[in-house]
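Welcome! Have a look at the structure below, and then let us walk through it together, one part at a time.

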Amino acid sequence: MTEQQGSGNGATHMIVADNVKKWFGQFQALHGISMRVGKAETVVIVGPSGSGKSTFIRTINRLERHDEGRIFVDGIELTDDIRNISQVRSEIGMVFQSFNLFPHLTVSDNITLAPRNVRHWPKKKADEKAMQLLERVGIPEQAQKYPGQLSGGQQQRVAIARALAMEPKIMLFDEPTSALDPEMIKEVLDVMEELAESGMTMIVVSHEIGFARHVADRVMLFDAGKLVEEAAPDKFFDSPEHERTKAFLSQIL
Amino acid sequence: MSDRRVGPGLQEDVGIPTFDDRERALGAAPVVEPATPAEWVRENLFSSRFNTVITLVVGSLLGFFLYQISKFVFVTAEWAVVANNLRGFMVGPFPVEQIWRVWVSAYVVAVLGGLSAGASPNRITWTRRKRVVGVLVAIVATVLVVLLVDTMLVLTLTFGVVATAAAMLFVGRRQGGRLRRPLLVAWLLSFPAIMVLVVGFGGVSPRLWGGFFFNLVAATVGIFLSFPIGILLALGRRSSLPAVRSFSVVFIEIFRGVPLVAWLIFSKFVVGLLLPPQMNEPPDIIKALIVMTFFSAAYVAEIVRGGLQGIHEGQYEAARALGLSTTRMMAFVVLPQALRSTIPAMISHFISLYKDTALFVAIQVTDLLAAARRSAVGLQYFGRIKETLLFAGLLFWIVAFSMSRWSQRLETRLGVGIR
């Protein structure tokens with residue numbers, strides 16, 4: 001059955017999670033998460049801190065190992081097999097809350113590092129791709145600067161470009177705007193919106209309600225390691241079914 | 001209080017200091033420069049009664065010391081002890097007829113050093129003060145060499161080294177960045193090449209190495225071998241494999257826990273135990289060099305470990321998320337950052353390792369310090385140890401100081417773009 005989910009439906013389901021559980025010592029962070037994300041779909045996950053939403057998306061590219069359940073990414077099951085892990089990682093781009101750019105490399109080198117060393121592209125091809133992506137995120141003039149010389153919003157756009165340089169099929173965003181000053185949030189969200197419209201499969205952990213309403217195909221609420229509610233954005237925000245969702249929305253709206 | 005500030009100061013109050021503003025502020029700030037030396041003296045040395053007292057006390061002490069030292073250097077001292085033992089100072093018991101091998105090595109280093117200095121992207125900006133200091137140093141060095149060296153051949157060869165380095169500096173400037181990669185390869189090959197040149201083809205066994213030549217060779221071996229071994233040990237200490245981790249910890253703690261002198265004396269037996277019995281015993285010097293390298297590697301490992309601890313977890317995660325293998329993550333993301341932050345501690349360690357090569361006297365190597373002490377023992381120069389020690393100290397200091405300067409330039413060069 002699960003093979004079917006993974007490979008048979010691969011064309012429509014980019015990510016299949018089946019009863020995923022995760023413990024940190026005694027603490028159970030994920031209580032059996034099951035979900036599917038279709039090709040070109042954008043899913044926004046909201047939830048209080050400690051609800052397991054970050055942990056969950058980190059299991060998708062194996063930054064965290066799941067203890068039970070199964071995860072398929074584009075038909076490949078995530079197991080302890082290192083080959084599968086690196087294959088999956090090169091198909092998934094990830095953007096972090098704190099950018100995590102490499103401070104000792106220029107913007108351009110940040111972007112070309114993985115294509116040159118994982119995909120083994122020649123320097124020229126990687127550089128051209130980097131410039132193309134920097135233009136896409138709107139900061140081609142910053143290519144030769146170092147991350148420390150950029151604003152937070154610019155750094156996060158470089159981080160997006162760096163993830164896109166590997167030509168991933170899926171992008172994961174772990175609270176991409178939480179560390180940004182208010183006036184810089186929009187420039188990052190605009191890039192993400194353009195990306196979603198271009199047909200990228202995306203999972204976004206974020207509390208940007210405007211973005212969720214406007215861009216998401218589905219919104220999910222995580223609480224205490226469980227997926228409490230999932231619905232289309234209009235239904236999720238205007239007429240949520242669960243009490244927990246109502247309570248959460250009343251706190252953040 | 002702050003309401004009287006204007007211009008760039010206001011920006012600061014709003015909380016958005018930027019690079020531009022800081023630069024503008026520096027440019028616009030009134031620079032109070034004393035007009036004459038007399039003014040400078042009044043402002044810096046005699047600005048209050050208390051300062052005047054301090055200036056007078058410290059000044060007279062300094063003057064006294066300076067007088068005593070100059071009196072010794074220029075009047076009392078008899079430098080013949082250094083001039084006549086110069087070869088012993090430089091190469092120890094190295095046979096005279098083989099010394100050309102050392103000279104060739106010196107020329108190799110001069111060529112590479114000159115080219116590297118010339119091709120280096122950050123050139124020295126010659127301020128007036130630097131020019132004055134440079135010219136003074138050059139004059140003093142020339143006088144010293146001319147006074148101490150008594151044969152024409154050695155004098156010519158010495159100035160030849162300097163001239164070669166200068167010529168190569170010029171060539172290096174002309175060629176610029178193109179040379180950097182070939183130079184790196186040349187440097188890496190030069191040391192084994194020099195070793196072959198010194199030992200091979202009927203050359204000189206390590207048993208006869210000595211003098212400053214020995215200190216330099218031992219320091220080079222120790223530094224360049226212990227650096228990679230130390231990095232591996234540091235990575236091993238953080239490895240997830242228990243066997244690798246415990247090996248690294250045990251290695252580090254054992255080598256760090258015993259004085260280097262003791263290790264040098266032990267080395268005779270320790271290395272013998274580790275080698276298969278059929279193998280020919282290497283000379284004591286080689287055994288001691290191996291043990292010194294391990295000793296230094298233990299320190300390097302701990303310095304690198306400190307640097308690794310400063311790397312944020314997010315850097316590892318970002319590298320992994322991009323699909324980089326562990327080796328590439330370490331080589332391109334983690335180590336470049338970790339090693340940069342350890343430069344001051346690392347150079348400090350290497351300078352002390354270099355000076356610790358004087359401890360080889362414990363296994364009967366006549367290094368520079370031993371040569372200095374020994375040359376004042378003979379009847380002819382009995383009691384002239386002040387002169388010989390001063391000279392040995394000067395030689396040690398010149399190299400140590402150069403290392404320190406070079407590390408500062410390295411730091412500025414690698415410091416680009418780091419917050």
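## A first tour

In chain B, 76% of the contacts with a separation of 6 or more are between residues 24 or more positions apart. Please keep in mind that this is a predicted model. Chain B has 19 helices and zero strands, and its C-alpha trace spans about 85 × 70 × 45 Å along the principal axes. Of its 419 residues, 34% count as buried.

One helix to look for in chain B is α18, which covers residues 368-375. Its buried residues are B:Leu368, B:Ala370, B:Ala371, B:Ala372 and B:Ser375. The cover over them includes α5 (80-84), α6 (86-91), α11 (211-237) and α19 (385-414) of chain B.

## The sheet in chain A

Now turn to chain A, where six strands form an open sheet in the order β6-β7-β8-β3-β9-β10, with mixed pairing. The edges are taken by β6 (92-95) and β10 (226-231), each with a single partner strand, so one side of each has no neighbour in the sheet. On average, neighbouring strands of this sheet are turned by 20° against each other, direction ignored.

Here is how some of these strands pair in chain A:

| Strand pair | Sense | Bridges |
|---|---|---|
| β7(A) and β8(A) | parallel | five bridges |
| β3(A) and β8(A) | parallel | four bridges |
| β3(A) and β9(A) | parallel | four bridges |
| β9(A) and β10(A) | antiparallel | five bridges |

You can follow these pairings residue by residue. A:Leu172 has A:Ile203 as its bridge partner in β8(A). A:Val44 has A:Val204 as its bridge partner in β8(A), and A:Val44 also stands opposite A:Val219 in β9(A). A:Ile45 stands opposite A:Met220 in β9(A), while A:Phe222 stands opposite A:Leu227 in β10(A).

How much of strand β8 of chain A is buried? Five of the five residues of this strand (residues 201-205) are, so β8(A) is largely enclosed by the rest of the structure. In a regular strand, side chains alternate between the two faces of the sheet. Both faces of β8(A) are covered: A:Thr201, A:Ile203 and A:Val205 are buried on one side, and A:Met202 and A:Val204 on the other.

Strand β9(A) is mostly covered too, with six of its six residues buried. A:Arg218, A:Met220 and A:Phe222 point one way, A:Val219, A:Leu221 and A:Asp223 point the other way, and all are buried. β9(A) then forms a hairpin with β10(A), with two residues between the strands. In that turn, A:Ala224 has a positive phi of about 50°.

## Where the chains come together

Which elements do the buried residues of α15(B) pack against? They pack against α2, α3, β6 and α6 of chain A, together with α14 (284-309) and α16 (326-341) of chain B. Seven of the nine residues of α15(B) are buried, so this helix is largely enclosed by the rest of the structure. The buried ones are B:Gly314, B:Gln315, B:Tyr316, B:Glu317, B:Ala318, B:Ala319 and B:Ala321. Just after the helix, B:Gly323 takes a positive phi of about 90°.

Beyond its neighbours within four places in sequence, A:Asn61 is in contact with A:Arg89, A:Ile92, A:Met94, A:Leu172 and B:Ala321.

Terms used:
Residues numbered from 1 in each chain as written. Chains lettered and ligands numbered in written order. Predicted model: local features only at pLDDT ≥ 70, side-chain atom pairs only at ≥ 80, totals over all residues. Heavy atoms only, no water. Pairing = 2+ DSSP bridges. Axes fitted to C-alpha atoms, helices over the stretch in contact; angles between N-to-C directions. Buried < 20%, exposed > 50% of the residue type's maximum accessible area, 1.4 Å probe, protein only. Contact = heavy atoms within 4.5 Å.
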